[in-house]
Amino acid sequence: RGRVVGFSGRIFTDDPDTQGAKYINSPEGPLFDKSEVLYGYHTAKTSMSKEDACILVEGQFDVVMAQQAGYIHTVAISGTGLTDHHINMIKRFTDNIFLALDSDKAGVKATRRSVLAAYRHGMQVKIIMMLDGMDPADTIVHSKEQWDLCVHDSKDYIDYRLELFNRVDHTFEEKKKLVDTDLFT
């Protein structure tokens, strides 16, 4: 509804007290529960229905930049994984999710968990791949046209995983170890 339920701050330095976090949120309480809040949802609902899609990102700054770039149907999870509650909120307006989570190791794992959760609810999922090390906000600041291309070229989950595998420049034995570990599970 657009009412304030908590606050969030973006970390721009490598402060050791943040323990690697990009955002620091208000403590959770009766009004603010990260597993039940999608940042930007109140502004994205109508557009999600109109576009028949929802772009899901990790951070509030990603939402602000994406919405300013014309992707009003963008919302963010706030330091938590995609939950059943989040999915039910999105399903009110669309069955199509475009995931644009960070491309680091944690982001790849979060993408996998999010895809599986969405599939359990019968959602259609595409993955928006960005240049290594860039998040949606970085990509948009670098080039809106690059972001447009990333969204346009979004991939099915299996194609996304195969592309990640092919990006690894290792010997056959090293690639086999990757397959035997977490790459395709």
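Student: Among contacts in the protein between residues at least 6 apart in sequence, what share joins residues at least 24 apart?
Tutor: This is a predicted model, where local features need pLDDT of at least 70, side-chain atom pairs count only at pLDDT 80 or more, and totals for chains, interfaces and linings use all residues. Residues are numbered from 1 along each chain as its sequence is written, and side-chain values use heavy atoms, with hydrogens and water left out. Contact means heavy atoms within 4.5 Å. Of the contacts between residues at least 6 apart in sequence, the share joining residues at least 24 apart is 64%.

Student: How many helices and strands does the protein have?
Tutor: Helices (H or I, at least four residues) and strands (E, at least two) are DSSP runs, numbered from the N terminus. Along the sequence they follow the pattern β-β-α-β-α-β-α-β-α-β-α-α-α-α. The count is 8 helices and 6 strands.

Student: What is the bridge partner of leucine 99 in strand 6?
Tutor: Start with strand 5, residues 96-100. Strand 5 pairs with strand 6 in the parallel sense over 4 bridges. In strand 6, the partner of leucine 99 is isoleucine 127.

Student: Within what arc do the buried residues of helix 1 fall?
Tutor: Buried means under 20% relative accessible area, exposed over 50%, and partly exposed in between (1.4 Å probe, protein chains only). In helix 1 (residues 41-51), the buried residues are Tyr41, Ala44, Ser47 and Met48. They line one face, because the directions from the helix axis to their C-beta atoms fall within an arc of 130 degrees.

Student: Which exposed residues does the other face of helix 1 carry, turned away from the buried side?
Tutor: The buried residues pack against strand 3 (54-57), helix 2, strand 4 and helix 3 (84-91). The face turned away from the buried side carries Thr46 and Lys50.

Student: Is histidine 73 buried or exposed?
Tutor: Histidine 73 sits in the loop between helix 2 (60-68) and strand 4 (74-76). Beyond four places in sequence, its contacts include Ala44, Ser47 and Met48. Its relative accessible area is 8%, so histidine 73 is buried.

Student: What kind of pair do the rings of tyrosine 41 and phenylalanine 93 form?
Tutor: Rings of Phe, Tyr and Trp (its six-membered ring) pair if their centres lie within 6.5 Å; planes under 30 degrees apart count as stacked, over 60 as edge-to-face and the rest as tilted. The count is 3 aromatic pairs. For tyrosine 41 and phenylalanine 93, the centres are 6.1 Å apart and the planes are at 65 degrees, so the pair is edge-to-face.

Student: How many residues apart in sequence are the parts tied together by tyrosine 71 and tryptophan 147?
Tutor: The rings of tyrosine 71 and tryptophan 147 have their centres 6.0 Å apart and their planes at 80 degrees, so this pair is edge-to-face. Tyrosine 71 lies in the loop between helix 2 and strand 4, and tryptophan 147 in helix 6 (residues 144-152). So the pair ties together parts whose separation in sequence is 76 residues.

Note on methods: Two strands pair if DSSP finds at least two bridges between them.
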